[in-house]
Amino acid sequence: MKKIVAVLLLVLAWYFAGMNRQPYVMAAVICGIIFIVLSFILTRILKRDLTAEIPKQNTVIYKNMQAQFTVCTRNRSRLPVNKYKLTLQMNYRDSKDKAVKKLSGSACPAGSEGDNSAEVYFAAPYCGMIDAELLRLRVYDYFMIFSSSKKLSGVKGEVAVLPPPRKMNIVMPPFGTYTNDPVAESTSDKKGEDHSEVRLIREYRDGDLPRHIHRNYSAKTEKLWIKEYEKENDYIFDLFIDSSSETRLTVEQKDAFFELIFAVIKNLMENDIIIRINYFDREKGGLILYELTDKNNTEDFMIDLYKADIFCGRDEFLRVCNLSADDNVMVLNASLEWYFCGRPVYRFSRQSIYYELVDRYFDLSAH
């Protein structure tokens, strides 16, 4: 619209200047035409020298909370960019529903130390990984008359949407080990005085850190043993995440599943505990073991879980994980069922999972 108005004004000014034989007005119109042409060319130059990128680091936000997504721009021209617009597409991984957002900003010339960034605020309704991609960049001239755009390709990022922390009421079982692995106990010659004494060790596996080797016990048995259980009040759990289902899960069903996993792990880790989490990864073709020993790493685990292709069919999961009903482990499945030592703890409802997590008592000591 601005282009049409500018051209009409120039045409009318030229017409009246010619009718009234006003050479100065005609000269002004010629200058206006030159200005219009230069503005048109300027947008092409600025478009060529302006690039956009999404910062490499992961953006982590919480569900349903207002969050900021930032895009950085780089201006190689010596001329500042007064205004540009970016088209950003966002969608949950494996979902066809896509949201398109517009970002606006300005860019300083090359060599200056100004802040070249654009932000958009949004609230994510579900847990999971959001894929973000910049689709198009549009640059405007200084008087906002002309603009020029270009398609962006390969400018992608991701946003991890975590569940808000939920405080659960969990009654822990007696101190002990709840795993499928055999337990070997050390026999120190000086009980109570040997601070290297451990309660749980296992044989060395490829990839274990040398500093975890139990040197005294390894020397006695002539085998390499790894320390896993060093404190008297530790728990050790094997947690299996059964992400299989008979039908394809919706975004809402995945959201409830992630809510359950995060809440259970987060609350268990408030105790002196080690959780060895086993989850399916289709890309790697089997179960992945993630050992969680620090409650501050719970968010990192959830991001790794989001990035893995964990959802699969029932038969595909059973080929790599065959749990029996009496296994001494904990299980969370995609049907929102919680099992411990072969017995059901609780089955959650997707519609009311928030209230069930925070209002109920879960007694693991009875199992």
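Me: Is Glu252 buried, partly exposed or exposed?
Reply: In this predicted model, Glu252 belongs to helix α4, which covers residues 251-268. Its relative accessible area is 31%, and because buried means under 20% and exposed means over 50%, Glu252 is partly exposed.

Me: Which side chain makes a polar contact of 3.2 Å with the side chain of Glu252?
Reply: Leaving aside residues up to four places away in sequence, Glu252 touches Tyr126 and Arg350. The side chain of Glu252 also makes a polar contact of 3.3 Å with the side chain of Thr250. The polar contact of 3.2 Å, however, joins the side chain of Glu252 to that of Tyr126.

Me: What distance separates the C-alpha atoms of Glu252 and Gln351?
Reply: Along the chain, Glu252 and Gln351 are 99 residues apart. In the predicted model, the separation between their C-alpha atoms is 9.5 Å.

Me: How many of the 10 residues of helix α5 are buried?
Reply: Helix α5 spans residues 298-307 and is largely enclosed by the rest of the structure. Its buried residues are Thr298, Glu299, Phe301, Met302, Ile303, Leu305 and Tyr306. The number of buried residues in α5 is therefore 7.

Me: How many aromatic pairs does the structure hold, and is the pair of Phe40 and Phe146 stacked or edge-to-face?
Reply: The structure holds 17 aromatic pairs. In the pair of Phe40 and Phe146, the ring centres are 5.7 Å apart and the planes stand at 80 degrees. Because planes over 60 degrees apart count as edge-to-face, the pair of Phe40 and Phe146 is edge-to-face.

Me: How many residues apart in sequence are the parts that Phe40 and Phe146 tie together?
Reply: Phe40 lies in helix α2 (residues 23-49), while Phe146 lies in the loop between β7 (128-140) and β8 (147-151). Phe40 is partly exposed, with a relative accessible area of 38%, whereas Phe146 is buried at 11%. The parts that this pair ties together are 106 residues apart in sequence.

Me: Which helix does Tyr279, in strand β15, reach through its aromatic pair with Phe301?
Reply: Tyr279 and Phe301 form an edge-to-face pair, with 6.0 Å from centre to centre and 70 degrees between the planes. Tyr279 is buried with a relative accessible area of 6%, and Phe301 is buried at 0%. Tyr279 lies in strand β15 (residues 273-281), and the pair ties together parts that are 22 residues apart in sequence, since Phe301 lies in helix α5.

Me: Which element gives the most residues to the largest nonpolar core?
Reply: The largest nonpolar core has 53 residues, among which Ile277, Tyr279, Phe301 and Trp338 touch the most other members. With 10 residues, the element that gives the most to this core is α4.

Me: How many residues are in the second, separate core?
Reply: Among the members of this second core are Met90, Val120, Ala124 and Val155. The number of residues in this separate core is 30.

Me: What share of the residues in the chain is buried?
Reply: The chain contains 7 helices and 20 strands. Among its contacts between residues at least 6 apart in sequence, 68% join residues at least 24 apart. Of the 367 residues in the chain, the buried share is 44%.

Note on methods. Residues are numbered from 1 along each chain as its sequence is written. Side-chain values use heavy atoms; hydrogens and water are left out. Helices (H or I, at least four residues) and strands (E, at least two) are DSSP runs, numbered from the N terminus. Buried means under 20% relative accessible area, exposed over 50%, partly exposed in between (1.4 Å probe, protein chains only). Contact means heavy atoms within 4.5 Å. A polar contact is a pair of N or O atoms within 3.5 Å; within protein, one must be able to donate a hydrogen and the other to accept it, and residues adjacent in sequence count only if both atoms are side-chain atoms. Rings of Phe, Tyr and Trp (its six-membered ring) pair if their centres lie within 6.5 Å; planes under 30 degrees apart count as stacked, over 60 as edge-to-face and the rest as tilted. A nonpolar core is a set of buried Ala, Val, Leu, Ile, Met, Phe, Trp, Tyr and Cys residues joined through side-chain atoms within 4.5 Å.
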